Amino acid sequence: MIDIRFPDGNVRQYTEGITSLDIAKSISEGLARNILSAKFNGKVQDATLPLNESGELQLLTWDDEDGKATMWHSSAHLMAEAIEHLYPGTKFGIGPDIENGFYYDMDLGDHVISSENFTEIEKKMAELAAQKQEYKRSEVSKKEALEYFSQKGDEYKLELISDLEDGQISFYQTGQFVDLCRGPHLPDTSHIKAIKLLSVAGAYWRGDESRKQLTRIYGITFPKKKLLDDYLVLLEEAKKRDHRKLGKELELFTFSSRVGQGLPLWLPKGAQLRERLENFLKKVQKEAGYEPVITPHIGAKDLYVTSGHYAKYGADSFRPITTPNEGEEFLLKPMNCPHHCEIYSSSPRSYKDLPIRYAEFGTVYRYEQSGELHGLTRVRGFTQDDAHIFCRPDQVKDEFKAVIDIVLKIFKALDFKDFITQISIRDPKNPSKYIGSDENWQKAEASIIEVAQEKGLDYIVVEGEAAFYGPKMDFMVRDAIGRKWQLGTIQVDYNLPERFNLEYVGNDNQKHRPVMIHRAPFGSMERFVAVLIEHCAGKFPLWLTPEQLIILPISEKYHGYAEKVLSYLKKYDIRGHIDFRSEKTGKKIRDAEIQRIPYMIIVGEKEENDQTVSVRKQGHGDLGSMSLENFSRLIAEEVSQADIFD
RNA sequence: GCUAUUGUAGCUCAGGGGUAGAGCACUUCCUUGGUAAGGAAGAGGUCAUGAGUUCAAAUCUCAUCAAUAGCUCCA
């Protein structure tokens with residue numbers, strides 16, 4: 001007998017060799033139907049694999065990320081099986097599960113697959129799934145594996161196998177389709193109830209552009225039709241929220257090929273929005289003891305040679321610009337830190353001066369490959385809400401904490417409720433990759449983790465993801481429809497103070513090296529605005545939105561009253577304008593709704609006589625009529641809800 | 001940067017070797033209206049740019065520029 005401990009702490013006894021699936025059956029029919037795979041002693045494996053020792057067991061269903069992964073990985077096999085039926089002779093590369101679904105890379109020979117073929121492939125997959133084919137695992141020797149695929153003529157699988165060690169190779173078979181795979185897989189194909197192929201694209205074999213381009217088909221599957229329908233609605237919703245589309249519709253920003261790729265042009269409304277965000281942060285930073293600094297857009301090449309960035313990124317940057325007579329070289333600045341270091345060292349510093357916090361909305365230019373550019377999220381010229389804190393080692397923790405407070409304030413003000421933080425620390429196996437004393441690193445890593453705990457943050461720690469100069473904390477938000485975005489970052493840096501020879505005089509009258517904290521709560525204004533647009537679907541919070549209201553006179557007779565209302569509201573710093581067009585009210589409302597103007601003020605005979613306004617809220621409909629005073633109070637309250645003007 | 005697709009009016013898009021189309025937006029006129037589209041008329045385009053093929057190119061070919069998707073990359 002073996003002891004199996006379940007996640008709830010229960011321990012039950014089973015005969016040796018029992019499978020997770022059988023255990024599920026012993027618990028309930030429903031669970032047996034829904035089990036996709038199992039996690040045994042921390043390792044995800046087939047539900048049909050016998051358990052030969054005592055251990056901890058978690059039965060995985062669709063509700064577990066690992067369960068979903070099993071489903072999608074098995075779906076990739078199912079797709080390959082269907083394609084082998086439809087296009088015999090297809091050779092297969094790799095077919096993993098991904099965050100949302102799966103893909104399979106394949107060489108179709110002379111065949112060309114386009115999205116027009118999806119329906120027939122989906123149909124075949126559904127047909128095979130319904131046959132309840134088992135995923136049969138078998139262990140094979142390297143020799144057998146090589147023989148099988150050389151007979152099949154699949155050079156991709158042969159290449160994969162030749163990189164594997166003998167004794168660790170397994171095959172999975174569904175129907176006639178045999179694939180090299182470490183698993184795990186579903187008990188059988190009947191779990192796959194809803195199938196959707198999403199896109200087809202080229203992908204180089206093993207990501208190497210010197211090698212053959214294979215056809216990659218992306219798809220997703222679900223255990224219930226309803227879940228697929230929900231997912232498709234989500235995709236539609238994501239399309240509607242695309243910041244590139246909304247940016248155009250709401251006249252926030254544009255691009256011009258004459259200006260150049262990846263160089264955004266902020267239109268008046270977008271610039272206004274961005275300015276409000278900047279002013280908000282400036283105010284918060286001022287309260288937190290930051291001092292604004294301003295530095296030029298270019299810097300001598302040597303500055304970046306000193307910082308070490310030239311060696312690392314110089315080849316992939318815009319080429320230096322040179323003075324006509326002296327041939328001096330300058331770089332468009334790709335970052336602000338070296339400039340700020342020079343400000344720090346412009347004067348001797350005492351330990352009493354620290355921390356010093358320099359903040360700048362610094363516009364930087366980085367050469368991004370043309371294929372990487374994407375709306376406002378990936379551009380070649382952008383503005384960081386940058387700041388560098390120069391402090392003593394004993395101040396790192398408090399400073400870090402204070403930066404977190406700023407990030408949290410921003411998230412709160414902009415309604416990012418769901419986020420996690422990722423703490424990136426050194427790779428313990430590879431200490432030579434990093435600079436700075438071991439002691440400093442330990443201190444910094446420990447402080448960041450402590451701070452995260454003290455702040456009650458939901459965090460994960462990832463080893464080996466730290467920058468070479470120090471550990472960092474990144475903030476990932478989940479937007480209103482569940483997509484993840486990386487925004488702010490806080491980094492501890494021992495490198496630049498060293499390279500720029502930054503010093504302060506301690507209370508021991510000796511020179512010491514300060515520690516630098518780089519931080520950008522928004523990340524970049526461009527990227528942040530893009531994420532914000534998608535998060536709120538263009539319906540910005542009232543304090544931010546370029547146009548807070550529009551006044552809709554019922555007819556020309558009430559234009560005078562409309563102007564009176566507007567000038568009253570403007571006294572309270574409320575932004576809006578009047579729709580003077582000779583359109584019907586229904587039309588004006590429709591246009592204002594589409595423009596996502598938060599409040600529509602309808603004025604006609606009744607309002608003029610009573611000196612009131614009739615208020616309609618975007619997306620909510622008629623709120624009834626109220627006095628101007630009450631309306632401005634309503635607006636003021638909503639603006640202050642963001643808790644930004646405290 | 002690589003591969004594929006795309007580029008026609010301000011926007012969304014149809015068309016396609018014989019000289020340009022729709023809807024919305026815009027202008028003017030009629031209409032003066034009560035919570036998501038009132039009516040009419042008008043104006044607006046070297047069909048991304050450059051070259052080639054052709055009697056003739058917006059249409060076919062090539063190059064360039066840009067966009068989109070995927071790959072690779074991101075201080």
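The model is predicted. Helix α18 spans residues 585–594. Other elements also supply at least two residues each: the strands β14 (194–204), β15 (213–222) and β34 (612–617), and the helices α8 (243–249) and α19 (605–610).

How many residues surround RNA strand B? There are 44. The closest are Y204, M335, E372, I554 and S614. By class, this surface has 19 charged, 16 polar and nine nonpolar residues. On the RNA side, take the atoms within 4 Å of the protein. Sugar or phosphate accounts for 48% of them, and bases for the rest.

R590 places a polar side-chain atom 2.4 Å from a base nitrogen of RNA strand B. For R378, an N or O atom of the side chain is 2.8 Å from a base oxygen.

Now turn to the helix packing. Two packed helices are described by the angle between their axes and the distance between the axes.

Start with helix α13 (residues 396–413) and helix α14 (residues 438–454). Their axes are 10 Å apart and meet at an angle of about 45 degrees. The crossing of α13 past α14 is right-handed. On α13 the contact uses K397, F400, K401 and I404; on α14 it uses S447, I448, E450, V451 and E454. Four of the residues in this contact are nonpolar, four are charged and one is polar.

The second pair is helix α17 (residues 559–571) with helix α20 (residues 628–641). The axes come within 11 Å and cross at roughly 45 degrees. So α17 and α20 are oblique to each other. Helix α17 passes α20 in a right-handed crossing. V565, Y568 and L569 of α17 make the contact with L628, E629, F631 and S632 of α20. What classes of residue make up the contact of α17 with α20? Five are nonpolar, one is polar and one is charged.

Conventions
Residues numbered from 1 in each chain as written. Chains lettered and ligands numbered in written order. Predicted model: local features only at pLDDT ≥ 70, side-chain atom pairs only at ≥ 80, totals over all residues. Heavy atoms only, no water. Axes fitted to C-alpha atoms, helices over the stretch in contact; angles between N-to-C directions. Helix = DSSP H or I, 4+ residues; strand = E, 2+ residues; numbered from the N terminus. Parallel < 35°, antiparallel > 145°, perpendicular 65-115°, else oblique. Left-handed = near helix turned anticlockwise from the far one by under 90°. Contact = heavy atoms within 4.5 Å. Nonpolar A, V, L, I, M, F, W, Y, C, P; charged D, E, K, R; others polar. Near = heavy atom within 4 Å. Polar contact = N/O pair within 3.5 Å; in protein donor to acceptor, adjacent residues only side chain to side chain.
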